[in-house]
Amino acid sequence: MTDRPADPIDTLLSAHGLRRTAAARLVLGWLLAHPDTSYTHAQLRAALAGDAESVLDRVTLYRLIDRLTQVGLLLCRVDANRVRRYQAMPSSVHAIPHFECQTCHRDSPLAGALSGKRSGALKASAKDLERAAQTALEALKALGYQGMSMDFAVRGVCADCATGAASS
């Protein structure tokens, strides 16, 4: 008999006090497999509907993403249209300056997404924002606040969508 390595999704769910149900594995697995995209409830439900094993009704999905968000496995952002969007959240991240494309809804961390000569100032600004966010979170933690995260979002149209839209 050989020891199987622990499933990373099961390990994450257990570590956060959640049951390792098929639905939880499916939702968390999907979002971890698509880390740069945020999904609305409806988009996530449609994406998961293609999975033959998936029998998630909308209420079950709402409750599940709410629980995953509460324990810090998902990041919930409210976009410019006040629509909630969910994406996988690494447990080590508490503040990410990011760019959200209003067309494709891809989220890109500013510090990691920028390259080229002209992006030096933007990278430095993103790092300054991240440091400021961490400082604010540490100050609040010292005052007894718990379970915090902070969101710095720049919204617009990404270069890929702008180029695609311009050529149409």
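Guide: Let us begin at a bridge between two strands, where Val 78 has Arg 84 in E2 as its partner. What you see is a predicted model, in which local features need pLDDT of at least 70 and side-chain atom pairs count only at pLDDT 80 or more, while totals for chains, interfaces and linings use all residues. Residues are numbered from 1 along each chain as its sequence is written, and side-chain values use heavy atoms, with hydrogens and water left out.

Strand E1 covers residues 74-78 and runs antiparallel to E2, to which five bridges join it (strands pair if DSSP finds at least two bridges between them). Helices (H or I, at least four residues) and strands (E, at least two) are DSSP runs numbered from the N terminus. In the hairpin that E1 and E2 form, five residues lie between the strands, and Arg 82 takes a positive phi near 60 degrees.

In E1 we find Leu 75, which counts as buried because its relative accessibility is 11% (buried is under 20% relative accessible area, exposed over 50%, partly exposed in between, with a 1.4 Å probe and protein chains only). Leaving aside residues up to four places away in sequence, Leu 75 touches Arg 85, Tyr 86, Gln 87 and Met 89, where contact means heavy atoms within 4.5 Å. For Leu 75 and Met 89, the sequence separation is 14 residues, yet their C-alpha atoms are 5.3 Å apart in space.

Gln 87, one of the residues that Leu 75 touches, belongs to strand E2, which spans residues 84-88. With a relative accessibility of 8%, Gln 87 is also counted as buried. Its side chain makes a polar contact with the side chain of Arg 77 at 2.9 Å, and the side chain of Gln 87 also reaches the backbone oxygen of Pro 35 at 3.0 Å. (A polar contact is a pair of N or O atoms within 3.5 Å; within protein, one must be able to donate a hydrogen and the other to accept it, and residues adjacent in sequence count only if both atoms are side-chain atoms.) Beyond four places in sequence, the residues that Gln 87 touches include Leu 31, Thr 37, Ser 38, Leu 73, Leu 74 and Asp 107.

Of its 168 residues, 29% count as buried. Among contacts between residues at least 6 apart in sequence, 50% join residues at least 24 apart.

Elsewhere in the chain, Arg 25 forms a salt bridge with Asp 10, their closest N and O atoms being 2.5 Å apart (a side-chain nitrogen of Lys or Arg within 4 Å of a carboxyl oxygen of Asp or Glu). Arg 25 lies in helix H2 (residues 22-33) and Asp 10 in helix H1 (residues 8-15), so the pair ties together parts that are 15 residues apart in sequence. Arg 25 counts as partly exposed at 33% relative accessibility, whereas Asp 10, at 16%, counts as buried. By this rule, the count for the model comes to one salt bridge.
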